[in-house]
Amino acid sequence: MNTERHIASAFDRDLEGVQALVVKMGGLVEAALSDAAMALEMRDEALAERVRAQDTAIDALEAQVNDECLRLIATRAPAATDLRVVLTVMKIAASLERCGDYAKNLAKRSLVLNKMHSVEGATGSIRRMARQVGLLLKDALDAFIHRDVELAASVRQQDRDVDQMYTALFREFLTHMMEDPRNISACMHLHFIAKNIERVGDHATTIAEQVIFLATGQLPSEPRPKADSVNMGEV
Amino acid sequence: MSVIEMKLEREVTADTIKIEARKVQVHYGQNHALKDVDVDILAKTVTAFIGPSGCGKSTFLRCLNRMNDTVASAKVTGSILLDGADIYDPRVDPVQLRAKVGMVFQKPNPFPKSIYDNVAYGPKIHGLTRSKAELDEVVESCLRKAALWNEVKDRLQSPGTGLSGGQQQRLCIARAIATSPEVLLMDEPCSALDPIATAQVEELIDELRSQFSVVIVTHSMQQAARVSQRTAFFHLGNLVEYGETGTIFTNPKDPRTESYITGRIG
């Protein structure tokens with residue numbers, strides 16, 4: 001990582017500014033995810049509504065990141081690491097925006113689920129999964145802040161655990177549905193929630209890969225471990 | 001456009017080496033201006049030399065057609081082969097060499113002659129044409145290649161110095177290519193031009209690449225990125241990094257190159 005300053009100090013300020021926006025976005029997304037999972041488990045409608053409302057702020061930040069990057073490219077013609085910072089920041093912002101949408105969707109489904117019988121143990125499992133994914137997201141963003149390739153690589157590895165949690169939940173929901181068809185509605189919602197949280201994990205992996213690209217100039221080549229193969233016949 | 005086509009677009013058409021420089025050193029008196037430069041300039045390729053002022057890029061460019069011979073204090077060592085033949089061999093006539101390795105300078109410097117005579121001068125003194133008709137043809141084709149013909153065809157007998165700056169520079173390019181050189185050296189050819197004239201010269205450089213090797217020294221990194229397929233970065237008399245232009249500008253290997261192209265050292 002190049003620690004020298006630009007001769008044009010305004011260039012440094014612009015680059016730092018846009019990175020700060022992404023880090024801020026990351027903080028909001030982490031909070032939205034954990035709040036939404038909490039709202040689901042505690043049946044806290046007010047909290048769920050707050051998560052839904054907060055998503056506008058995340059979207060606005062993404063738009064701001066894109067504007068700033070556009071301006072940076074047009075006015076500064078960034079090269080090498082600077083160019084990678086701009087591209088990476090845009091991609092990370094896009095990933096975070098998706099994660100924000102998933103958190104908002106979780107909050108929305110929690111409001112629906114509040115009107116149904118609870119499925120035993122499900123919301124707790126989902127909250128544990130959300131916490132795990134939130135940690136991955138935090139690590140991916142920390143890796144971005146510190147240009148930490150090792151931490152980014154470990155995020156890629158850990159996404160497998162999330163995939164396994166999802167597969168386990170999938171089987172659990174299937175069992176509940178087979179036991180009692182009245183669970184089907186709730187379990188369908190819960191399943192979408194689990195799948196969306198699993199997608200947040202994938203975005204954390206994408207962010208980690210972008211960090212590796214940012215720091216080394218190359219995307220990681222070796223395939224990451226996967227464990228999300230859901231066998232439909234096997235419960 | 002498919003991935004394969006895009007790759008082809010970027011690729012250099014010929015991978016034959018036009019100029020092979022080995023262990024080139026230049027001293028101006030006590031000043032060690034260039035240190036052990038090894039580089040292969042490819043045929044039909046635009047090669048850009050970039051680097052801060054005083055890094056040795058112009059010095060090296062001037063070695064390629066022995067312009068440093070005209071500087072009394074300059075001492076050049078090492079070998080520079082043009083198509084495998086040493087250009088510093090005592091039997092080589094520097095004037096003949098410069099007809100093969102043409103040069104365009106930073107400031108347009110047309111001769112105080114007519115537009116026609118500016119271009120005709122080289123072919124005349126080198127005896128490249130046999131008749132007036134043939135000379136007319138050479139002048140027209142060079143002015144066309146330099147994208148100047150349409151602007152000057154009705155006033156070929158007007159003085160070259162009466163043209164605008166951008167036109168004068170294109171006239172100098174027409175003059176440089178009139179002796180059918182194999183290599184064209186350009187030392188900051190656009191630094192005195194406005195953006196439109198710059199774009200015209202850059203377009204011209206890209207067209208000339210189908211016939212010549214072009215070596216361009218430029219302070220504009222964007223220009224180097226736009227026009228060249230190979231880029232060499234010089235710093236303090238050393239050739240720091242030489243490689244495919246896209247790689248140099250997106251993922252340079254040497255931290256000094258990175259610092260320079262991102263605007264961290266001048």
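In the predicted model, H4(A) and helix H6 (residues 184-216) of chain A pack with their axes 9 Å apart and at an angle of about 15°. Because angles under 35 degrees count as roughly parallel, H4(A) and H6(A) are therefore roughly parallel to each other, and the crossing of this pair is left-handed. On the side of H4(A), the contact draws on A:Ala122, A:Ile126, A:Met129, A:Ala130, A:Val133, A:Leu136, A:Leu137, A:Ala140, A:Ala143 and A:Phe144, which meet A:Leu190, A:Ile193, A:Ala194, A:Ile197, A:Glu198, A:Val200, A:Gly201, A:Ala204, A:Ile207, A:Ala208, A:Val211 and A:Leu214 in H6(A). Divided by class, the residues of the contact of H4(A) with H6(A) comprise 20 nonpolar, one polar and one charged.

Helix H4 (residues 122-146) of chain A also packs with helix H5 (residues 149-179) of chain A, the two axes coming within 10 Å and crossing at roughly 165°. Since an angle over 145 degrees counts as roughly antiparallel, H4(A) and H5(A) are therefore roughly antiparallel to each other, and the crossing of H4(A) and H5(A) is left-handed. Among the residues of H4(A) that make this contact are A:Ala122, A:Ile126, A:Met129, A:Val133, A:Leu136, A:Ala140 and A:Ala143, together with the charged-class members A:Arg128, A:Asp139 and A:Asp142, while H5(A) contributes residues including A:Leu151, A:Val155, A:Asp159, A:Asp161, A:Val162, A:Met165, A:Leu169, A:Glu172 and A:Phe173. The residues of the contact of H4(A) with H5(A) divide into 15 nonpolar, three polar and six charged.

A further helix pair is formed by helix H1 (residues 9-42) of chain A and H3(A), whose axes come within 9 Å and cross at roughly 20°. That angle makes H1(A) roughly parallel to H3(A), and H1(A) passes H3(A) in a left-handed crossing. By class, the contact of H1(A) with H3(A) has 23 nonpolar, four polar and two charged residues.

With regard to ionic pairs, a search of the whole structure finds 28 salt bridges over all chains. One of these joins the side chains of A:Asp55 and A:Lys104, with an N to O distance of 3.9 Å. A:Asp55 lies in helix H2 (residues 45-76) of chain A and A:Lys104 in helix H3 (residues 80-113) of chain A, so the pair ties together parts that are 49 residues apart in sequence.

Between the two chains, the area buried between chain A and chain B is about 1,100 Å², of which carbon and sulfur atoms give 43%. The contact takes 15 residues from chain A and 13 residues from chain B, and the count between chain A and chain B is one salt bridge. In that salt bridge, B:Arg264 is paired with A:Asp82, the closest N and O atoms being 3.1 Å apart.

Note on methods. Residues are numbered from 1 along each chain as its sequence is written. Chains are lettered from A and ligands numbered from 1 in the order in which they are written. This is a predicted model: local features need pLDDT of at least 70, side-chain atom pairs count only at pLDDT 80 or more; totals for chains, interfaces and linings use all residues. Side-chain values use heavy atoms; hydrogens and water are left out. Axes are lines fitted to C-alpha atoms, for helices over the stretch in contact, and angles run from 0 to 180 degrees between N-to-C directions. Helices (H or I, at least four residues) and strands (E, at least two) are DSSP runs, numbered from the N terminus. Angles under 35 degrees count as roughly parallel, over 145 as roughly antiparallel, 65 to 115 as roughly perpendicular and the rest as oblique. A crossing is left-handed if the near helix is turned anticlockwise from the far one by less than a right angle, and right-handed if clockwise. Contact means heavy atoms within 4.5 Å. Buried area is the accessible area (1.4 Å probe) that two parts lose on being put together, summed over both. A salt bridge is a side-chain nitrogen of Lys or Arg within 4 Å of a carboxyl oxygen of Asp or Glu.
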